[in-house]
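Me: I'd like to go through the helix packing in this one with you. Can we start from the model itself?

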Amino acid sequence: HVHLALARAAISLEKWSEAEAAILEGLRLQADDPELLTALAVVALRRGERSRARALVDDVLSRDPFHAEAQLLAGELRQTASIN
């Protein structure tokens with residue numbers, strides 16, 4: 001999970017392009033990794049790409065309804081949708 005670690009570091013620095021590049025490289029190796037998909041959802045949400053973030057979160061939750069980070073993101077998406 002080197003790519004995930006790099007992505008999380010870039011996310012913490014708000015370097016969205018670097019984070020996405022690391023995630024996409026990780027997904028090239030492990031296309032269905034829920035941690036990488038969730039990290040990509042974080043990047044999408046922070047960039048304002050709500051529909052992309054929602055699709056990624058829904059994908060992860062369809063595989064694992066109890067995925068904690070995806071559940072948090074789903075809640076954040078619901079909350080921000082009710083505000084807008």
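Me: Is the crossing of α3 and α4 left-handed or right-handed?

Reply: The crossing of α3 and α4 is left-handed, meaning that the near helix is turned anticlockwise from the far one by less than a right angle. This is a predicted model, where local features need pLDDT of at least 70 and side-chain atom pairs count only at pLDDT 80 or more, while totals for chains, interfaces and linings use all residues. Residues are numbered from 1 along each chain as its sequence is written, and side-chain values use heavy atoms, with hydrogens and water left out.

Me: At what angle do α3 and α4 pack?

Reply: They pack at about 160°, with their axes 8 Å apart, which makes α3 roughly antiparallel to α4 (angles over 145 degrees count as such).

Me: Which residues of α3 meet α4?

Reply: Among them are Pro-34, Leu-37 and Leu-40 in α3, which meet residues including Arg-50, Ala-53 and Val-57 in α4 (contact means heavy atoms within 4.5 Å).

Me: Switching topic, which residues touch the most other members of the largest nonpolar core?

Reply: Of its 26 residues, those are Ile-11, Ile-23, Leu-27, Val-57 and Leu-73; such a core is a set of buried Ala, Val, Leu, Ile, Met, Phe, Trp, Tyr and Cys residues joined through side-chain atoms within 4.5 Å, with buried meaning under 20% relative accessible area for a 1.4 Å probe, protein chains only.

Me: Which element gives this core its largest share?

Reply: The largest share, 9 residues, comes from α3.

Me: And what is Ile-23 in contact with?

Reply: Leaving aside neighbours within four places in sequence, Ile-23 is in contact with Ala-7, Leu-36, Ala-39, Leu-40 and Val-43.

Methods: Buried means under 20% relative accessible area, exposed over 50%, partly exposed in between (1.4 Å probe, protein chains only). Helices (H or I, at least four residues) and strands (E, at least two) are DSSP runs, numbered from the N terminus. Axes are lines fitted to C-alpha atoms, for helices over the stretch in contact, and angles run from 0 to 180 degrees between N-to-C directions. Angles under 35 degrees count as roughly parallel, over 145 as roughly antiparallel, 65 to 115 as roughly perpendicular and the rest as oblique.
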